[in-house]
Amino acid sequence: TNFVREYSAEITEDGRFSLTSTVYRKSLEDEIQEGSYVIDITAKDGYGEETFFSNIGVLTLSKALKSNLELAQSTVNPGDTIKIIGSAQKTSDELIAGTVTFVLDEETYQGSFTEGAFEFEIDLKDDVASYSHTIAATVEDQFGNAAENTLVFSVTPIENSLSIILDKWEFLAGEQVEIQASLIDQAGDEISKDIDIEVKDGRTTILESTIKSTDSITLELDEFAEPGKWTIEVKSSSLESTTEFVVKSSAFLDIKLEGTNLIVENKGNIEYTKKLIITAINEDQQYTLERRTNLKPGESTTIKLVTALEQGTYDISVLDNTFNDVEIVDSRSILEKMGDSVASVTGNAVVSSGSSTSNVPLVLVILIVAFVLTYVLRRKRNKNLKVKTKREEEIKKAKKYKQGLREKVANKLKG
C-alpha cells in the first residue's frame with residue numbers, strides 16, 4: 001500500500017520513547033483504508049548517527065464505529081412520521097460527532113449530530129406502499145469511520161377501492177360465473193384480506209361465502225337458473241361494492257325416443273309454449289303431427305306415436321332431431337287405447353294430417369262419451385224411480401192411517 005504516515009518522538013536518557021497520535025488524513029480526498037500496517041523506526045543520536053529498525057511491529061486499523069438505532073414505532077399508517085433514535089461512539093466508547101444517512105424506498109435523508117446522540121424524523125407519503133419497509137442507516141465521523149444499521153417497520157394498508165371483476169356480463173343457465181374481487185390500497189396495490197361475497201337471484205341468496213380478496217370464487221349456475229338480472233355484493237372491513245350480471249333466457253327441448261314414445265323435456269329456464277311439429281314419413285305418405293307443449297323448466301311429457309300413426313316403419317323428425325326406421329306396432333289393450341283416447345282429450349292434443357288414423361281416437365272418444373252419458377242417464381232414471389216408489393208407499397201408509405182413524409171415531413159414536 002502507498003499509505004504512509006510519519007510521527008516523531010523524543011528518546012529519553014534510558015533509551016525509551018512513547019507516541020500517542022491519530023491516523024490523520026493528508027487531504028480531504030485522502031482515504032484511510034482498514035487493514036494491517038508495518039511499523040518501521042529510524043533512531044538518531046545526538047551526533048546525527050541514524051539506525052533503521054525494519055518491521056518492528058504491526059498496526060491494525062479499523063474504521064468501525066459502534067452505533068445503536070431504534071424506531072419509536074414499528075407499525076405506522078400512511079402519512080405518519082417515523083422517529084429514529086440513535087447513538088454512536090468509537091470502539092473505545094468515546095462519544096463522537098458526525099453525520100447520519102438514511103435510505104428509504106430509494107430516497108436519501110441526511111442529518112448531523114454531536115456528542116454521540118441523535119434523533120431524526122422521516123415523513124411518510126400518503127401513498128407509501130403497504131407492509132414491510134427497510135431503512136438503511138449509515139453513521140460516519142469526520143475521519144471516515146462508520147457504522148451501518150438496518151431498521152424494519154410495517155405500513156398498515158388503507159382500503160382505497162373495492163371492485164368486482166367478471167370475464168363477461170351475460171351467462172346462460174348451466175354456465176360457470178367466476179367472480180374476482182379487487183381490493184386496492186393507498187398505493188394502488190392489491191391487498192389480501194377477508195371479504196364477504198353474496199350472490200342473489202332477485203331476492204333469493206344463491207351463494208354466500210368469505211374468501212381472500214386476492215382469490216376468486218366460481219358460481220355454478222343451475223341448468224334452470226332464473227333468467228334476468230342477478231346481483232353480486234362484496235364487502236371488506238370498510239368498503240362494499242355491488243354489480244349485476246344477466247342470466248339469459250333460453251327455451252329449448254331435449255327430445256329422446258324410447259320405443260314408440262317421444263320423451264320431451266324442457267331444458268330451458270323459461271316455459272316452453274311453442275307448438276311441437278312432428279313429421280313422420282314412410283314409404284307411402286308423410287304425416288305431420290302438432291303437439292301443444294306448455295312445459296315449465298324441468299318438466300317433461302310423453303308423446304305416444306302409436307296413438308296417431310298407423311302401424312309401419314317411419315322416419316321421425318322433430319325440431320333438430322331425426323329418428324330413422326322407427327317401427328310402430330300397436331300392442332295396446334282396449335283399456336289402454338281408451339285411456340290414451342281420454343288423455344288426448346284432457347291433455348295436450350295431437351292433431352295429425354295426411355292419415356285417416358287420426359279419426360280413430362275421435363271415434364273412441366265418441367263411444368266413451370256415449371257410454372258415460374248412458375251410464376249417467378240410467379243412474380238418474382233409476383234414482384227417480386226409487387224416489388217415486390218411496391213416495392207412493394208413504395202416500396199409501398198415510399191413507400191407511402187416516403182410514404183407521406175414521407173407523408175408530410165411527411165405532412165410538414155408535415157405542
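Is K193 buried, partly exposed or exposed? K193 has a relative accessible area of 27% and is therefore partly exposed, where buried means under 20% relative accessible area, exposed over 50%, and partly exposed in between, with a 1.4 Å probe and protein chains only. The model is predicted, so that local features need pLDDT of at least 70 and side-chain atom pairs count only at pLDDT 80 or more, whereas totals for chains, interfaces and linings use all residues. Residues are numbered from 1 along each chain as its sequence is written, and side-chain values use heavy atoms, with hydrogens and water left out.

K193 sits in the loop between β13 (176-185) and β14 (194-201); here helices (H or I, at least four residues) and strands (E, at least two) are DSSP runs, numbered from the N terminus. Leaving aside residues up to four places away in sequence, K193 touches E159, L183, I211, K212, S213 and S237, contact meaning heavy atoms within 4.5 Å. With K212, which is 19 residues apart from K193 along the chain, the C-alpha separation is 5.3 Å. The side chain of K193 also makes a polar contact with the side chain of S237 at 3.2 Å, and another with the side chain of E159 at 2.7 Å. A polar contact is a pair of N or O atoms within 3.5 Å; within protein, one must be able to donate a hydrogen and the other to accept it, and residues adjacent in sequence count only if both atoms are side-chain atoms.

Side chains of opposite charge can pair when their charged atoms come close. E159 and K193 meet in a salt bridge (2.7 Å, N to O), a term that requires a side-chain nitrogen of Lys or Arg within 4 Å of a carboxyl oxygen of Asp or Glu. Because E159 lies in strand β11 (residues 159-165) and K193 in the loop between β13 and β14, the pair ties together parts that are 34 residues apart in sequence. E159, at 12% relative accessibility, counts as buried. The count of salt bridges comes to 14, and among them is the one between E175 and K168 (3.2 Å, N to O). Of that pair, E175 is partly exposed at 26% relative accessibility, and K168 is partly exposed at 34%.

Turning to the sheet, five strands form an open arrangement in the order β4-β10-β9-β6-β7, with mixed pairing, where two strands pair if DSSP finds at least two bridges between them. Its edge strands, β4 (75-76) and β7 (107-113), each pair on one side only. Strands β9 (residues 131-141) and β10 (residues 146-155) run antiparallel and are joined by ten bridges, with N149 in β10 as the bridge partner of A137.

Most residues other than glycine have a negative phi. In the loop between β6 (98-104) and β7, E106 has a positive phi near 70°, and at 80% relative accessibility E106 counts as exposed. N55, which is not a glycine either, has a positive phi of about 55°; N55 lies in strand β2 and is partly exposed, at 49% relative accessibility.

Strand β2 (residues 50-61) also gives the most to a nonpolar patch, with three residues. This surface patch is formed by I39, F53, I56 and L59, of which I56 is partly exposed at 46% relative accessibility.

Note on methods
Patch = residues over 30% accessible without salt bridge, like charges linked within 9 Å, V, L, I, M, F, W, Y side chains within 5 Å. Areas by Shrake-Rupley, 256 points an atom, 1.4 Å probe, with all protein chains shown as cover.
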